[in-house]
Amino acid sequence: MSHDVRVRFCPAPSGWLHVGSVRAALYNWLHACRHGGVFVFRIEDTDATRATDESMRSMMEAMRWIGLDWDEGPLEDGSSRGDWGPYRQSERAALYAAVVHRLEAAGATYRDYRTAEELEAWRASNRAGDNGGPPVVKAATFAHTEAELATFAAQDRPFSVRLCTPERGTFVIDDLVRGEVRWDWAQVSDPVIQRSDGSATYPLANSVDDVAHGITLICRGEDLLSVTPRQAVLHQLLDDGIIDEALAEVALPRRDPSWGAPAAFAHLPMVVGMDRKKLSKRHGSVAVQEFRRKGFLPETLRNYLALLGWSPRDGRERLDDDELIAEFDLAHVGRSAAAFDVDKLTAFNGERIRAFAPAELAERLVPHLDGTLGAPALVDRPPTAAQRETLERLVPLVQERMQRLDEIERYAPAFFGDDVTIEAEAIDAVLSTPPAAEAIAAAQRVLEDCDWTVAAIEERLRALTDELGVGFGKVAQPIRVAVTGTRVSPPLFESIEVLGRERTLARLAAGHDVAREA
RNA sequence: GCCCCCGUCGUCCAGCGGCCUAGGAUCCCACCCUUUCAAGGUGGUGACGCCGGUUCGAAUCCGGUCGGGGGUACCA
């Protein structure tokens, strides 16, 4: 009697998890959380030529990182969670075959013995047909005759199995986001549900699993909208007994008695690039893992992605998970394609970074410093106590100016390790110009016996402007370059204080030599 | 070609016949702050694709048109 919400996210494991896909996953996840439902994660690897284990692992990793944990689905160790597994379609082949047998017995399908070439020829000659329409595959005009069937069967030719869809009439759904959507059955082709090698195609496997898993709402991208009518036919057939018999035959867990066929659909608008074209590598990062590498926070991505096509009633934009869950409603999702705007994502990310408690930020920064995410390792894994302390002292200096976590990779080298390599560009632009050597020499002198506090360092260094007769920018820049190796660094006095007297003086001395030569 | 969908600032959203001289966010510009880079503060530019219709009144309803997108696979 339960009407529990059961939704799913079911990517095909080829390549990396795409932000557009994650958006769909997020919407499902939010909907499940909002209604106390179950979020099922299923791997649709029916196409053996495309699916890879590597991709499947990376998708799980991406889902984990972005924080979309699943109630049912495969697990990293090869096992799975949930009572209705397995959740990888490649492990459910027997079920699909059992379903096809029953569908055939019920007369809901027909066999197609055409080869790829013959199919192509058929399409070509039926394309420019009477009404100029596209080639529509319908049993009435497409199926082989009894005689042909007998001949092909005798020859043992391979065949694919197609599902019969109604010859006429209309099919209507009340889509949660698009409202009423209707199709003319005469224009819906009969899909291949089983390939000539005996494997199941997406239309079959997807429908079988949605029914077998008691999915109540199918929420997916708009690119799958056109597939809805034929899947609905399958859902009905399956729910009317076939799925239960097939499940029993292959000894897979039987459905919960309260489950029925999926009752609702929600087709999400596409996520496109700023040029309105389908989002792809051309537009920059599209793989979830790349966003991680670039220092975006998973919570920022969740917040931003949720807003891509939806907004809460009151128009708030900075929302944490609880707020997202409390407000999210598929009925208020827009219908037009949304462009992915990295600038806005970045702005949101900067705000969240600034809102962190310093210790928390330090923790989040570690993967960017210990080599985990591909940047050169500056600290051990895990960091030593001394490295941790340096990081914690560095954080307050950089927190305000960071938009992405990976920016630490630029600031940190000066603070970990003794020496610093001065960037050539900094030598050209700063150390080679007049007051540089003098400023550095003066700094060495005044810092020699200076109290090592930010205030004292600032006082001594500022006093140099009078002595050298130039603005503070002119004296600060050479010192910054000598001490940090770059023209862009955290605030100077604080940086010097963190570095300590010994390293500061050594770097000033080295910088002085460089400046004199330049 | 044929089906279907979509159309408010560059971008994401708000707007569901009068509250709109169209609001917020982001971007962009200017100024302030300033030792670099940022951050922060203040102000500003910027949109209802177009044409008809319905109505006292339209961003909101209808038709057309033009743009954009999706599908048209033994991919998913």
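Of the 518 residues of chain A, 36% count as buried, where buried takes 20 or more other C-beta atoms, placed from the backbone, within 10 Å of a residue's own. This is a predicted model, in which local features need pLDDT of at least 70, side-chain atom pairs count only at pLDDT 80 or more, and totals for chains, interfaces and linings use all residues. Residues are numbered from 1 along each chain as its sequence is written, with chains lettered from A and ligands numbered from 1 in the order in which they are written.

Chain A has 21 helices and 13 strands; these are DSSP runs, H or I over at least four residues for helices and E over at least two for strands, numbered from the N terminus. Its C-alpha trace spans about 105 × 50 × 40 Å along the principal axes.

Now the sheet. Three strands form an open sheet in the order β5-β6-β9, with antiparallel pairing; strands pair if DSSP finds at least two bridges between them. Because β5 (109-112) and β9 (192-194) stand at the edges with a single partner strand each, one side of each has no neighbour in the sheet. Between β5 and β6 (residues 160-163) there are 4 bridges. Tyr110 has Arg162 in β6 as its bridge partner.

Last, helix α20, residues 492-499. Which of its residues are buried? They are Ser495, Ile496, Glu497 and Leu499. These pack against α14 (385-398), α18 (454-468), α19 (472-484) and α21 (501-517). Just after α20 comes Gly500, with a positive phi of about 90°.

Technical notes
Buried ≥ 20, exposed ≤ 12 C-beta atoms within 10 Å, placed from the backbone. Contact = placed C-beta atoms within 7 Å.
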